[in-house]
Amino acid sequence: MKKNNNKYIVVLLVLILAVVSADAYLRYKKEVNPEYNLLKVQDDPMSLTGFIEVDISTADNSMLLTNKCKSLVMSTNDVQTYSIQQGLDNKIDTRPLTHDIVKGILNNYDIKVLMVKVTELDKGLYRGNLFLKQGNQLLNLETRPSDSIALAVRESAPIYVQKDILDKYGQYSC
C-alpha cells in the first residue's frame, strides 16, 4: 500500500513540474498559436539522429551550449542561470534550490535522467525534452530547456541540441 502511495506522489510531482513549465510558457507567450501541438510525437523520440551533444556553461543570465567551436546562447533569468551554475559546480546552498529538491525526489525513487534534447526554436522560444527512466519505464516530457538542463547537469546526463539549430543560430567561439 505504501509503495502505491509513493508512486502516486512521484506522478503528482512530475505532473506539477509539467504544469509549472506549461504555465510559464503560456505566461510569456504573447499570442497563442492554435496549430502548435504541445506534444510532438516522433517515430523514435530516443533517436539522436540529427542531434549533437553539447557542453554547458553560464554567463550573465544566459547559458551557452557548446560543441567544438560553435556556441548557442540561450537567455535565462538570473535564478535559472544560478541554478544551472550551482549544478555544474555540484554545490547545494544552505537551502536547496527547486532543481536540487527534484533531483532528490528522482533519486529517492530510482528515477534516472537519461538525457535532455533541445528540439526546436520557434519565435525566439526554445523547446526541449527531458527523458527519465525508472526500471524499464521511460518518460519523455516536454520542458523548458533551462529546467531540464538544470536537472541534467546535477545528474551528469548528456545534453543534445538539434544540429540544424546549432548550425543556424550558433556563434563561432574559438
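Modeller: Before we start, helices here are DSSP runs of H or I with at least four residues, numbered from the N terminus. Also, this is a predicted model.

Colleague: Okay. Which helix is Asp 100 found in?
Modeller: Asp 100 sits in helix α3, which covers residues 98–108.

Colleague: And is Asp 100 buried or exposed?
Modeller: Buried means under 20% relative accessible area. Asp 100 has 11%, so it counts as buried.

Colleague: What does Asp 100 touch?
Modeller: Leaving out residues up to four places away in sequence, Asp 100 touches Lys 91, Ile 92 and Arg 154. With Arg 154 there's a polar contact between the two side chains, at 2.6 Å.

Colleague: Switching to the helices: at what angle do α3 and α4 pack?
Modeller: About 60 degrees, and their axes are 10 Å apart. That angle makes α3 oblique to α4. The crossing is right-handed.

Colleague: Which residues meet there?
Modeller: From α3, His 99, Asp 100, Val 102, Lys 103 and Asn 107; from α4, Asp 147, Ala 150, Leu 151, Arg 154 and Glu 155. Sorted by class, that contact has five charged, three nonpolar and two polar residues.

Colleague: How many residues of α4 are buried?
Modeller: Ten of its eleven, so to speak mostly covered. Among them are Pro 145, Ile 149 and Arg 154.

Notes:
Residues numbered from 1 in each chain as written. Predicted model: local features only at pLDDT ≥ 70, side-chain atom pairs only at ≥ 80, totals over all residues. Heavy atoms only, no water. Axes fitted to C-alpha atoms, helices over the stretch in contact; angles between N-to-C directions. Helix = DSSP H or I, 4+ residues; strand = E, 2+ residues; numbered from the N terminus. Parallel < 35°, antiparallel > 145°, perpendicular 65-115°, else oblique. Left-handed = near helix turned anticlockwise from the far one by under 90°. Contact = heavy atoms within 4.5 Å. Nonpolar A, V, L, I, M, F, W, Y, C, P; charged D, E, K, R; others polar. Buried < 20%, exposed > 50% of the residue type's maximum accessible area, 1.4 Å probe, protein only. Polar contact = N/O pair within 3.5 Å; in protein donor to acceptor, adjacent residues only side chain to side chain.
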